[in-house]
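Visitor: I am new to this structure. Please take me through one part of it closely: the place where the chains meet, and what lies around it.

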Amino acid sequence: MNFQLVTDILNGSSIFSYLLMLIVGVMTLIFLITFASLLYHWHYYGIGFFRRWILIAVFGGIGLALLVASYGLMFKLI
Amino acid sequence: MIVFEDNEYVIHTARKHWFVFALRFIVLVIAALIPLVVTPFFTLITSVPFETLMSGFSFFYVAYLLLMWIWGFMMWTDYYLDITVVTNKRIIDMDQKGLFSRQTSTMRYEAIQDVTTDIQGVLNTILNYGNLYIQTAATTKEFILDDIADPNLAKEIILRELARVLEKVE
């Protein structure tokens, strides 16, 4: 199998850099929209105050950590 | 958010059995672990150096994990907010269909003609969860509550309230 393209991409071709930026951008957008929507649902449909804050901390915290990690790895790759 | 009528109070709430959510969660965990299992085999069939492959893999895996994480929370929210509330005046069924889609149906006791439970399968019987069908007059739709915990208890409560309401009408 010819994996030259994979090697080029992983070695930092410019197309790949744009692709990575696009992926991270889309992921950020998806995370923010989901987070905002879930916040709305948890607030509006009556999830209790403490449970809501636990959800925000867990979902937001780990989600943000993964997002920051993906940014870090993206900068490492491009 | 439910706006209750005057003198209306909640008698019973029912949501999907936790096992239904647990099953979906297990699928999610397996899906999150698949790349970790598959990638080492990928290194065997390609000439790409392991370190190069891993640097690319870790980026895509973190992005993939983030998607799984978002999906998991959407699943939990869907499970938690899908709820059926039985009050002394009506039955309110709220169905979270997605992040931006939500359906709320209300049924008054006067319209109920028949209540049926359906528990099928070994796990359903052991864990006591199944479907509850509430049949109304032909012109209105049937209420179907899928995989709710203890459907027989919900049925009993609904029938008891139905009898009380009909008694009052007569």
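Visitor: Start with chain B, please. What percentage of its 170 residues do buried residues make up?

Guide: Buried residues make up 18% of the 170 residues in chain B. Keep in mind that this is a predicted model.

The outline of chain B comes next. Its C-alpha trace spans about 85 × 35 × 25 Å along the principal axes. The radius of gyration of chain B is 23 Å, whereas a compact globule of 170 residues would have one near 15 Å. Chain B holds four helices and seven strands. Read from the N terminus, its elements run β-α-α-β-β-β-β-α-β-β-α. Now take the contacts in chain B between residues at least 6 apart in sequence. Of these, 57% join residues at least 24 apart.

Now to the meeting place. Here 28 residues of chain A are in contact with 23 residues of chain B. On the chain A side, three helices each supply at least two residues: H1 (4–10), H2 (14–44) and H3 (49–77). H3(A) gives the most, with 11 residues. Sorted by class, this side of chain A has 20 nonpolar, seven polar and one charged residues.

How far can these helices be trusted? The mean pLDDT of chain A is 82. In that chain, 82% of the residues reach 70 or more. Among the elements of chain A, H3(A) has the highest mean pLDDT, at 88. H1(A) has the lowest, at 61. Where pLDDT is low, the predicted coordinates should not be read in detail.

Look next at the largest nonpolar core. It has 17 residues. Met27(A), Val62(B) and Leu66(B) have the most contacts inside it. The elements that give two or more residues to this core are H2 and H3 of chain A, together with helix H2 (50–81) of chain B. H2(B) gives the most, with seven residues.

Val62(B) is then in contact with Leu66(A), Ala69(A), Ser70(A) and Leu73(A).

Another core lies apart from the largest one. This other core has 13 residues, including Ile112(B), Leu132(B), Ile134(B) and Ala154(B).

Methods:
Residues numbered from 1 in each chain as written. Chains lettered and ligands numbered in written order. Predicted model: local features only at pLDDT ≥ 70, side-chain atom pairs only at ≥ 80, totals over all residues. Contact = placed C-beta atoms within 7 Å. Nonpolar A, V, L, I, M, F, W, Y, C, P; charged D, E, K, R; others polar. Core = buried A, V, L, I, M, F, W, Y, C linked by C-beta atoms within 7 Å. Buried ≥ 20, exposed ≤ 12 C-beta atoms within 10 Å, placed from the backbone. Rg over C-alpha atoms; globule rule 2.2 N^0.38 Å. pLDDT = per-residue confidence, 0-100. Lists of a residue's contacts leave out its neighbours within four places in sequence.
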